[in-house]
2 protein chains.
Amino acid sequence: MLLQTRPSDSVLAVHDRLYRTLRTQVMHGELDPGVALTLRGIAKRFGVSMTPVREALRRLVAEGALSMSASGRVTTPELSNERIEELAAIRALLEPELASRALPRAHFALIERLQTINTANAEAVAKQDAVAYIRTNLEFHRTLYLRAQAPAMLAIAETVWLQLGPTMRALYTRLRRNEPPPHHRMILAALKAGDEPGLRLAVRADVTQGLRHLAG
Amino acid sequence: MLLQTRPSDSVLAVHDRLYRTLRTQVMHGELDPGVALTLRGIAKRFGVSMTPVREALRRLVAEGALSMSASGRVTTPELSNERIEELAAIRALLEPELASRALPRAHFALIERLQTINTANAEAVAKQDAVAYIRTNLEFHRTLYLRAQAPAMLAIAETVWLQLGPTMRALYTRLRRNEPPPHHRMILAALKAGDEPGLRLAVRADVTQGLRHLAG
DNA sequence: CATGCCTAGGTGTGATCACAAAGCTGCGGC
DNA sequence: GCCGCAGCTTTGTGATCACACCTAGGCATG
């Protein structure tokens with residue numbers, strides 16, 4: 001009825017706002033696997049029409065954040081064990097490379113920020129807050145990888161995180177962790193020492209651990 | 001006006017048909033870099049309304065096949081040299097792994113099919129047909145990687161091919177090739193010999209070659 | 001009591017329209 | 001001659017609607 005379209009308005013189009021909101025929810029594990037999302041339901045929830053909702057969902061489906069049945073129903077993905085292991089293998093391939101590329105540019109300020117994030121991560125563990133745990137964990141990795149100056153590679157890694165989002169929630173609430181990820185300290189140590197092979201190993205161990213023994 | 005929506009109709013919804021058509025065109029290098037695509041233009045070209053076109057384009061943008069300006073204009077991407085090198089590095093990381101996983105399942109029938117594809121590739125070279133060259137080249141790789149039983153990894157590799165599509169066209173028409181890619185024979189030889197390290201090397205060399213010295 | 005039909009609600013899809021912003025053309029002023 | 005601005009055109013965005021399909025649930029029939 002009234003205004004729409006505001007490319008210069010701060011930054012966001014409606015479909016883009018929806019996309020970012022839903023993407024964050026999926027990646028941080030705020031949604032369980034197998035949850036159905038309907039166009040009209042989301043449209044009503046955000047007070048918009050179906051059109052921008054469709055675009056946001058289509059975009060998320062394209063990235064693998066959501067899955068779509070043959071009839072067009074959109075749900076959060078329920079991954080098979082094979083798929084989870086494959087995604088873990090992709091992380092094990094990409095993320096050591098990203099870390100290695102970030103290493104030469106990892107100065108003290110960065111390591112300090114990583115330690116701060118790691119502290120917040122430990123707090124999330126203490127509070128048994130799965131979503132905060134996943135969020136701070138991913139933030140730790142993204143903050144490091146941003147230094148790699150490899151946007152396409154980072155984007156692919158984030159896509160993988162997206163696909164794992166709902167599963168991570170189910171996983172981390174199942175095997176209630178009582179301690180922060182041990183490999184983060186190894187990563188920090190390797191960064192300080194400038195130890196490239198050690199860094200690759202630590203990152204690989206970190207992203208693999210937890211996803212390896214799932215026994216769905 | 002009349003019927004729409006046909007989930008059971010053979011297979012395709014309109015937006016899906018558009019998506020596949022455009023995706024193929026981009027991946028095979030049928031479009032030059034920097035070409036603008038308008039919603040109404042494509043809608044008219046395919047005789048449909050803007051709605052399904054928007055979904056198809058949004059999907060392709062999400063996969064990096066097309067890029068979108070701040071104002072929402074959609075064009076084929078013009079990649080910087082840094083971006084091209086990064087994408088080549090991703091290929092060099094992913095594809096040897098895919099080949100390695102395919103190796104144990106690469107029986108004679110597969111190798112024979114690869115040789116057939118390679119012959120078609122050589123014909124494309126002889127005809128100076130850039131699109132056919134790119135198509136058969138990608139088909140060679142995809143046929144091999146399909147045996148890896150790693151759909152997520154293959155999907156990522158295809159996304160990278162997509163992003164390189166328009167650039168590949170510009171590249172291969174520039175440095176007019178007069179012989180088929182030399183490493184394909186090495187890949188076939190390594191497959192026959194069951195030589196895993198040799199296969200990794202050959203694949204890495206194949207995907208890197210050509211993209212390395214671009215000097216845009 | 002079981003089984004089949006059939007109606008009603010819900011869902012995705014595609015067309016159409018109103019609107020605002022961006023791009024473009026050409027005219028005028030400096 | 002060059003710059004700038006006004007107006008028109010083009011373009012993307014979002015809302016709304018009609019329609020086909022799918023799913024349940026109830027009712028009648030065997």
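In which loop of chain B does Q128(B) lie? In this predicted model, Q128(B) is found in the loop of chain B between α5 (108-126) and α6, where the backbone of Q128(B) takes a positive phi of about 60° although the residue is not a glycine. Most residues other than glycine have a negative phi. With a relative accessible area of 44%, Q128(B) is partly exposed. In chain A, Q128(A) is likewise not a glycine and has a positive phi, of about 55°; Q128(A) belongs to the loop between α5 (108-126) and α6 of chain A, and its relative accessibility of 43% places Q128(A) among the partly exposed residues.

The relation between the two chains was examined by superposition. A rotation of 180°, with 0.0 Å of shift along its axis, brings chain B onto chain A with an RMSD of 0.0 Å, which is the relation of a two-fold axis. Within chain B, the C-alpha nearest this axis belongs to R59(B) and lies 2.7 Å from it.

Over all chains, the structure holds four aromatic pairs. One of these joins Y145(A) and W161(A), whose ring centres are 6.3 Å apart and whose planes meet at 35°, so that the pair is tilted. The pair links distant parts of the chain, with Y145(A) in helix α6 (residues 130-146) of chain A and W161(A) in helix α7 (residues 151-174) of chain A, 16 residues apart. Both Y145(A) and W161(A) are buried. In chain B, Y133(B) and Y172(B) form an aromatic pair that is also tilted, at 4.9 Å centre to centre and with 50° between the planes. Because Y133(B) lies in helix α6 (residues 130-146) of chain B and Y172(B) in helix α7 (residues 151-174) of chain B, this pair ties together parts that are 39 residues apart in sequence. Y133(B) and Y172(B) are both buried, and the relative accessibility of Y172(B) is 12%, under the 20% limit for a buried residue. Y172(B) and D129(B) are separated by 43 residues in sequence, while their C-alpha atoms are 9.6 Å apart in space.

Rolling a probe the size of a water molecule over the atoms shows where empty space is left. A search of the whole structure finds four cavities of 30 Å³ or more, and the largest cavity contains about 130 Å³ of space. The lining of this largest cavity consists of 13 residues, of which R91(A), N137(A), M168(A), Y172(A) and D206(A) lie nearest its centre. Helices α6, α7 and α9 (196-208) of chain A each supply at least two residues of the lining, and the largest share, five residues, comes from α6(A). By residue type, the lining of the largest cavity divides into eight nonpolar, three polar and two charged residues.

Technical notes: Residues are numbered from 1 along each chain as its sequence is written. Chains are lettered from A and ligands numbered from 1 in the order in which they are written. This is a predicted model: local features need pLDDT of at least 70, side-chain atom pairs count only at pLDDT 80 or more; totals for chains, interfaces and linings use all residues. Side-chain values use heavy atoms; hydrogens and water are left out. Rings of Phe, Tyr and Trp (its six-membered ring) pair if their centres lie within 6.5 Å; planes under 30 degrees apart count as stacked, over 60 as edge-to-face and the rest as tilted. Helices (H or I, at least four residues) and strands (E, at least two) are DSSP runs, numbered from the N terminus. Buried means under 20% relative accessible area, exposed over 50%, partly exposed in between (1.4 Å probe, protein chains only). On a 1 Å grid over the protein atoms alone, a cavity is a set of points where a 1.4 Å probe fits but cannot get out, and a pocket is an open set with protein on both sides within 12 Å along at least five of seven lines; lining residues have an atom within 4 Å of a point. Grid points are joined across faces, edges and corners, and a volume is the space filled by probe spheres set on the points. Ala, Val, Leu, Ile, Met, Phe, Trp, Tyr, Cys and Pro count as nonpolar, Asp, Glu, Lys and Arg as charged, and the others, Gly among them, as polar. Copies are superposed by least squares on the C-alpha atoms of residues with pLDDT of at least 70 in both.
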